Amino acid sequence: MDKFVIKGSARLRGEVTVSGSKNAALPIMAAALLSDETSVIGGVPTLADIAHMSELLADLGAEVHRDAGDRIVIQVRDETHSHAVYDRVRKMRASICVLGPLLAKRKKARVAMPGGCAIGSRPVNLHLRGLRALGAEISLEGGDIVAVAPRLKGASIFLGGPYGSTVLGTANVMSAATLAEGRTVIESAACEPEIVDLAVFLNAAGAKISGAGSPRIVVEGVERLAGAEHRVIPDRIEAGTLMIAAAITNGQVSLRNVNLDHLMAVVDKLREVGVDVESSNGVAEVCSARRLEPTDVTTQPYPGFPTDLQAQLMSLLCLADGNSAITERIFPDRFMHVGELGRMGADIRKEGYTAIVTGVKKLVGAPVMASDLRASAALVLAGLVAEGTTTVNRVYHIDRGYEAFEKKLSALGAQIERVDGGSPPVE
Ligand code: EPU
């Protein structure tokens with residue numbers, strides 16, 4: 001398993017280009033199953049999760065290849081295999097994205113039920129509730145979700161759950177509804193930019209979706225979808241992570257390919273604690289020159305502060321001048337990084353869904369263990385500024401979601417090195 005060895009204390013400086021969004025690309029790739037024609041998706045980052053999705057689509061009869069760097073070309077050749085097996089799904093939960101498209105196009109789908117993961121239990125009951133409302137019969141057989149429907153029928157569906165809307169649940173139901181008979185109204189839909197991007201892709205393929213980006217999405221079903229060419233949005237979580245990297249090192253970084261409209265809550269928080277964030281000509285400039293103020297933050301569905309940046313912000317607040325409270329309202333157990341940051345000298349106390357962070361003067365390098373993608377990124381950020389050497393183990397988590405992370409950080413002046421430690425475990 002590869003590790004990152006980081007020597008702390010370099011101030012990041014320079015320019016970096018943000019990659020295309022992983023979480024936009026994954027459901028869009030799955031939605032290519034809805035058409036018999038070729039889809040061309042640009043801006044797709046080179047990541048382990050994208051490779052997993054490509055392999056899954058190949059299992060399901062699609063020909064998938066990368067052309068010209070960041071473009072993925074998908075063409076379904078054979079619709080006889082509609083089973084997403086457990087071995088694939090357990091490697092990547094986002095495999096659940098194929099459920100709606102398979103069911104709508106092939107009238108049946110069998111997808112292994114994803115289990116829990118390092119950030120919590122992660123049920124899919126809302127996905128199933130939505131697809132049932134469209135007329136699917138769904139049962140659980142041998143750990144697999146088995147869904148059948150001769151033709152889905154439009155319906156009014158409420159998709160809210162105990163922690164708000166569901167992003168991939170909205171993606172599944174919206175994708176499936178494109179080929180349903182009649183009109184579907186999704187209430188309490190996720191408003192994330194990745195849902196808007198999926199709707200833009202589907203509409204380019206001939207779907208009739210309106211309201212994406214609001215809590216009420218309306219889909220008028222069509223008979224068939226064509227192929228579409230589409231470029232995915234910039235990765236707002238990678239952008240936010242790099243902004244926090246600039247802030248934590250008191251650096252000065254320009255980010256290209258970033259949409260600050262997707263990061264309003266993050267920019268607002270960074271400004272509140274004393275980071276300068278400006279934007280001109282499509283480039284975001286992030287600069288921090290002093291010890292930062294503490295703050296309180298609660299993760300929320302979009303446009304609130306994203307759970308996928310909670311851990312990274314925690315690393316930053318570990319060094320603020322006072323007490324901060326970070327409340328996690330999307331995945332209440334997403335605090336695996338707390339103990340590891342503690343190994344680096346952070347002062348964090350957990351109280352239920354809240355972490356109270358008391359700012360310390362410095363963090364000290366230590367060997368730490370990554371538990372999931374965003375927690376790993378948070379540990380790397382802490383390592384950038386910690387005194388001495390930090391070794392972040394199990395960086396395959398980072399390879400799932402950050403394209404060339406250590407290369408981008410090195411180019412900004414970080415002292416970070418990937419050390420080969422053999423192949424990752426199968427999780
Ligand atoms: N939930 C239910 N029932 C469901 C689905 C979700 O109760 O059927 C709950 C979840 O347990 C959670 C909340 O609803 O408490 C929101 O979960 P959501 O379904 O929105 O999460 P997701 O769609 O599975 C996506 C991202 C995650 C990101 C979340 C929240 C992708 C591939 N994944 O997951 O990204 O944290 O939305 O924004 O888009 C990551 O990139 O590191 C990552 C984990």
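Start by selecting leucine 202. Leaving aside residues up to four places away in sequence, Leu202 touches Ala31, Leu34, Met174, Ser175, Thr178, Ala207, Ile209 and Leu225. Keep in mind that this is a predicted model.

Now widen the view to the core around this residue. Leu202 is among the residues with the most contacts inside the largest nonpolar core, along with Met53, Val98, Leu99, Leu131, Leu152 and Met174. That core has 75 residues. Its largest share, 7 residues, comes from helix α1. In soluble globular proteins, nonpolar side chains tend to be buried together.

On α1, select Lys22, Ala25, Leu26, Met29 and Ala30. On α2, select Asp49, Ile50, Met53, Ser54 and Leu57. These residues make the contact. They divide into 7 nonpolar, 1 polar and 2 charged.

Last stop: the cysteines. How many disulfides does a search of the whole structure find? It finds 0. Select cysteine 191 and cysteine 97. The closest cysteine sulfur to that of cysteine 191 is in cysteine 97, 18 Å away, so the two are too far apart for a bond. Is cysteine 191 buried or exposed? Its relative accessibility is 15%, so cysteine 191 counts as buried. Finish on cysteine 318, which is buried with a relative accessible area of 1%.

Definitions and conventions: Residues numbered from 1 in each chain as written. Predicted model: local features only at pLDDT ≥ 70, side-chain atom pairs only at ≥ 80, totals over all residues. Heavy atoms only, no water. Contact = heavy atoms within 4.5 Å. Helix = DSSP H or I, 4+ residues; strand = E, 2+ residues; numbered from the N terminus. Nonpolar A, V, L, I, M, F, W, Y, C, P; charged D, E, K, R; others polar. Core = buried A, V, L, I, M, F, W, Y, C linked by side-chain atoms within 4.5 Å. Buried < 20%, exposed > 50% of the residue type's maximum accessible area, 1.4 Å probe, protein only. Disulfide = S-S within 2.5 Å.
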